[in-house]
Amino acid sequence: MSKTLKLILGDQLNCRHSWFAQPSPDVVFVLMEVRQETDYVLHHAQKIIAIFAAMRDLARRLRAAGHSVHYLTIDDPDNRQSLPANLDRLLAHYEADAFAWQAPDEWRLDRQLADYAAGLSIPAGMDDSEHFYAGRHEAAQFFNARAAWVMEPFYRHMRKRHGVLMTGNAAPAGGQWNFDHDNREAWPGQPWEPADPRGRHDHSALWRTIEAAGVRSFGQPQADHFAWPLNREEALQQLEHFVRDALPHFGRYQDAMSLRAWRLFHSLLSFALNTKMLDPRTVVERVEAAWRDGAVPLESAEGYIRQILGWREYVRGVYWHRMPGYDRLNAFGHETALPHWFWSGDTRMRCLATAIGQSLQHAHSHHINRLMVIGNFALLAGLSPQELHQWYLGIYIDAFEWVELPNTLGMSQYADGGQLATKPYVSSAAYIDRMSDYCKGCHYQKKLRIGERACPYNALYWDFFARNEQRLGGNHRLGMVYRQLHRMSDADRQALQEQAAATRARLADL
Ligand SMILES: Cc1cc2nc3c(=O)[nH]c(=O)nc-3n(C[C@H](O)[C@H](O)[C@H](O)COP(=O)(O)OP(=O)(O)OC[C@H]3O[C@@H](n4cnc5c(N)ncnc54)[C@H](O)[C@@H]3O)c2cc1C
Ligand code: SF4
């Protein structure tokens, strides 16, 4: 009898994939927990638990639906701990005469499986993962050899192509494509963030297995009250709560940050989306329906849909266009190692202590903390974008290279020289103070540029622009910054430069 082995990767947990339409005696689905995947970067404990728990949940469901499943746990004595080695054994074990896999989203896995399949003597083929709106190379085709890729036209193309938030006359709903101007408010403390809608699981036994297998990790495991969804039903419940309780305020406060509310009005759906247990169409359609029903304002619905139909699809296009090699870009030549407090949150800078502390506690922090607190500091301080990329890839529950790398290297560090961002996302303390409650009570003084208690962001900010005038001075979006810099006296500029150098020399002690 013929037998096909079909491999399901840990971020391919789409229970509605066409592979699962009908059980077949000719097919064995394979899922494996392997050291190859736990060890390629140091991961947050919750990320490892969440992926393994969700893989185990999918395997149970497939078996219950009548499918044959071979599941290799991390401590299985037969587990050879890499995809090719396990596949060799399983193909032989089942005497398989065909092999199939779904298109991986990470370049390293794409290469590995393509090379592996090329060496097989049986038919082997890659199927679509049936998840994204756009194909791997659709953005590249859209931008058609342009060096700078501005997200907005791609997003409009996607809205039109998929008929999202459009009127009957092919015009954008509400007469505008973009409501960003209505979406930049600080959070005044109310409405209070909705209760965390996520259910809790006890994954203590799984965590003990992971630890006993010797897998290294960092961050809090929170295994006995684990919050991340395991499957589509849980993710859908989370989506419903989000749409009802948080989405109405999402647009207005999407850039806000607070010590008192780590989730604010964000959806926390990125893990469910990136592991494909939740389909982006389901999310976009639900959000559009909520607006059409009058339950949420258009600014919120549009602001949210832009993240998924726009940014998420767009960064994937950048990734597939620029890999391999994108991960090595370092336009500013920044080489400084990450200070120790990236792994502990132990710094007197209250914004960074909060954003990193949340990340260690929850394996998550929302976009503006990632971009305008952590990434901002890293770029101003000249930290190595490659080390930073490894850190972001490890710490966040939703971090898979196709989405993390363009966000870190491109958007946040400008290490690609500006393909993705039209200017570096950096700020002094003024922006962080405007958008958060971090500065009040900080050891450092947000208004001071010079001196022991001066906010480190301030001198680093001006020094960054002074150091990089040759590269950035001609950028019209930075005209105001450079005019301000040029108005400063030589003595002031010199003092800022010295303060910045002293700050960079004591990063570990800030
Ligand atoms: C330096 C840096 C690193 C990042 N790394 C990742 C990562 O590894 N994985 C990841 O999914 N997102 C990443 N992002 C984007 C964003 O921060 C997260 O998607 C978001 O915080 C996830 O939380 P949420 O589900 O509550 O998002 P919400 O604010 O509720 O947004 C809804 C959804 O939109 C999508 N989205 C929003 N912004 C982006 C974006 N810039 N790129 C792609 N998708 C986006 C996500 O799927 C998200 O779930 C990164 C951003 C920065 C600045
Ligand atoms: S004063 Fe500076 S270091 Fe302190 S919280 Fe504000 S921006 Fe961060």
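Which residues in H2 meet Leu-206, Trp-207 and Ile-210 in H7? I began my notes with this contact, bearing in mind that the model is predicted.

**Entry 1: H2 and H7**

I found that Ala-45, Ile-48, Ile-49, Phe-52, Ala-53 and Arg-56 are the residues of H2 that meet Leu-206, Trp-207 and Ile-210 of H7. By class, I recorded 8 nonpolar, no polar and 1 charged residues in this contact. I then looked up the geometry: the axes of H2 (residues 45-64) and H7 come within 10 Å and cross at roughly 115°. The crossing of H2 past H7 is right-handed.

**Entry 2: the sheet**

I traced an open sheet of 5 strands, and its order reads E4-E2-E1-E5-E6. The pairing in this sheet is parallel. I noted that strands of a sheet pair through backbone hydrogen bonds, either parallel or antiparallel. Which strands form the edges? They are E4 (68-72) and E6 (124-127), each of which pairs on one side only. I recorded an average twist of 25° from one strand to the next.

I next inspected one pair within the sheet. E1 (residues 4-7) and E2 (residues 27-32) pair in the parallel sense over 4 bridges. For Thr-4, I identified Val-27 in E2 as the bridge partner. I also looked for a helix lying across the strands, and I found H4 (residues 107-118) across E1, E5 (98-102) and E6. Relative to E5, H4 runs at about 165°.

**Entry 3: H8 and H10**

I looked up the packing of H8 (residues 232-253) and H10 (residues 280-292), whose angle is about 30° and whose axes are 11 Å apart. Why is H8 called roughly parallel to H10? Angles under 35 degrees count as roughly parallel, so H8 is roughly parallel to H10. The crossing in which H8 passes H10 is right-handed. On the side of H8, I listed Arg-232, Leu-236, Leu-239, Glu-240, Val-243 and Leu-247 in the contact. On the side of H10, I listed Thr-282, Val-283, Arg-286, Val-287 and Ala-290. The residues of this contact divide into 7 nonpolar, 1 polar and 3 charged.

**Entry 4: H14 and H15**

I then turned to H14 (residues 385-395) and H15 (residues 401-412), which pack at an angle of about 140° with their axes 10 Å apart. That angle makes H14 oblique to H15. I noted a right-handed crossing for H14 and H15. H14 contributes Pro-385, Gln-386, Leu-388, His-389, Tyr-392 and Leu-393 to the contact. H15 contributes Glu-401, Glu-404, Leu-405, Thr-408 and Leu-409. I counted by class 6 nonpolar, 3 polar and 2 charged residues in the contact of H14 with H15.

**Entry 5: backbone geometry**

Which peptide bond ending at Pro-191 is cis? I found that the bond from Gln-190 to Pro-191 is cis, with omega near 0°. Pro-191 is placed in the loop between H6 (151-162) and H7 (204-212). Leu-165 also has its place in the loop between H6 and H7. I recorded a phi near 50° for Leu-165, which is a positive value in a residue other than glycine.

I noted a cis peptide bond from Met-323 to Pro-324 as well, with omega near 0°. Pro-324 is in the loop between H11 (298-322) and H12.

**Entry 6: the shell around ligand 2**

Which residues surround ligand 2? I listed Met-349, Arg-350, Cys-351, Ala-429, Ile-432, Tyr-438, Cys-439, Cys-442, Tyr-444, Lys-446, Cys-455 and Tyr-457.

Terms used:
Residues numbered from 1 in each chain as written. Chains lettered and ligands numbered in written order. Predicted model: local features only at pLDDT ≥ 70, side-chain atom pairs only at ≥ 80, totals over all residues. Heavy atoms only, no water. Near = heavy atom within 4 Å. Axes fitted to C-alpha atoms, helices over the stretch in contact; angles between N-to-C directions. Helix = DSSP H or I, 4+ residues; strand = E, 2+ residues; numbered from the N terminus. Parallel < 35°, antiparallel > 145°, perpendicular 65-115°, else oblique. Left-handed = near helix turned anticlockwise from the far one by under 90°. Contact = heavy atoms within 4.5 Å. Nonpolar A, V, L, I, M, F, W, Y, C, P; charged D, E, K, R; others polar. Pairing = 2+ DSSP bridges.
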